[in-house]
Amino acid sequence: MTAPDYGTAFAALRAAASGPWHHYTRHPFVEGLGDGTLPRAAFLHYLSQDYVFLHHFSRAWALAVVKSETHDEMQAAVGVVNALITEEMQLHVGICEAAGISREALFATPERPENLAYTRFVLEAGYSGDLLDLLVALAPCVMGYGEIGQRLKEEARDETYRDWIATYSGPDYQAVCRGTGTLLDEALVRRLGPDFTSAPRWTKLCETFRTATELEVGFWQMGLTP
């Protein structure tokens with residue numbers, strides 16, 4: 001599958017972290033979603049942890065509003081927060097309720113160390129840096145799920161996890177990925193200039209993206225060990 005077009009910066013960041021990116025988007029957990037071999041218990045364990053993750057991820061995107069310098073940047077960040085809270089988190093609630101996991105039990109999910117490490121890394125990137133530091137820490141999750149969803153939609157031959165795949169391959173989520181890519185491109189040009197990959201900060205931004213991608217790998221691995 002050809003890599004989705006989520007903008008110039010994302011393509012460059014993805015290429016700079018090609019090894020971890022492959023491990024992330026082709027992780028055995030992901031492949032199990034596609035062929036239906038992922039144990040249901042592992043999926044529900046992951047989904048509960050991911051619900052906790054999305055609480056912190058939504059806060060990080062809300063922080064992007066604070067770090068924004070323009071109305072367009074603020075509007076883009078608000079759009080992602082809305083998608084996370086009204087759509088993605090509700091997907092988790094619905095699937096878990098159908099499996100017999102109540103809202104109360106889902107809300108009370110203890111946070112695993114892998115989850116804690118990832119979410120706090122992203123929040124710290126935003127607290128201590130500017131919008132660019134925050135966006136490159138957020139990007140692997142947003143775009144990675146979009147890329148995985150698109151690929152599994154094309155390749156999956158099993159419908160066990162069709163709702164999950166449909167969410168991340170669907171037009172609404174793909175629009176979030178493209179919008180985030182545009183936000184990242186425009187934020188980089190605004191702060192570093194059109195040749196942003198040659199700016200002194202680019203190497204550090206790539207390191208942040210790579211670390212966030214490695215933490216995504218750890219999150220999938222956590223899903224396999226309920």
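**Note on helix packing, core and aromatic pairs**

1. Helices H5 (residues 71-98) and H9 (residues 162-169) pack with their axes 11 Å apart, at an angle of about 180 degrees. H5 is therefore roughly antiparallel to H9. Angles under 35 degrees count as roughly parallel, over 145 as roughly antiparallel, 65 to 115 as roughly perpendicular and the rest as oblique. Axes are lines fitted to C-alpha atoms, for helices over the stretch in contact, and angles run from 0 to 180 degrees between N-to-C directions. Helices are DSSP runs (H or I, at least four residues), numbered from the N terminus.

2. H5 brings Glu88, Leu91 and His92 to this contact, and H9 brings Asp163, Thr167 and Tyr168. Contact means heavy atoms within 4.5 Å. By type, the residues of the contact are two nonpolar, two polar and two charged.

3. On the source: this is a predicted model, in which local features need pLDDT of at least 70 and side-chain atom pairs count only at pLDDT 80 or more, while totals for chains, interfaces and linings use all residues. Residues are numbered from 1 along each chain as its sequence is written, and side-chain values use heavy atoms, with hydrogens and water left out.

4. The largest nonpolar core holds 76 residues. Such a core is a set of buried Ala, Val, Leu, Ile, Met, Phe, Trp, Tyr and Cys residues joined through side-chain atoms within 4.5 Å. Buried means under 20% relative accessible area (1.4 Å probe, protein chains only). Phe43, Tyr46, Trp61, Tyr145, Trp164 and Trp220 touch the most other members.

5. Take Tyr145. Beyond its neighbours within four places in sequence, Tyr145 contacts residues including Tyr46, Trp164 and Trp220. Asp50 and Glu216 are also among its contacts.

6. The whole structure has 23 aromatic pairs. Rings of Phe, Tyr and Trp (its six-membered ring) pair if their centres lie within 6.5 Å; planes under 30 degrees apart count as stacked, over 60 as edge-to-face and the rest as tilted. Trp21 and Phe209 are stacked, at 5.6 Å centre to centre and 20 degrees between the planes. Trp21 sits in H2 (residues 18-25) and Phe209 in H11 (residues 202-223), 188 residues apart. Both are buried.

7. Phe53 and Tyr118 form a tilted pair, because their planes are at 35 degrees, with ring centres 5.1 Å apart. This pair joins H4 (residues 40-67), which holds Phe53, to H7 (residues 113-128), which holds Tyr118. Phe53 and Tyr118 are buried.

8. H4 also contains Ser48. Ser48 is buried, at 10% relative accessible area. Leaving out residues up to four places away in sequence, Ser48 touches Cys96, Ile101, Leu106 and Thr109.

Notes:
Helix = DSSP H or I, 4+ residues; strand = E, 2+ residues; numbered from the N terminus. Nonpolar A, V, L, I, M, F, W, Y, C, P; charged D, E, K, R; others polar. Buried < 20%, exposed > 50% of the residue type's maximum accessible area, 1.4 Å probe, protein only.
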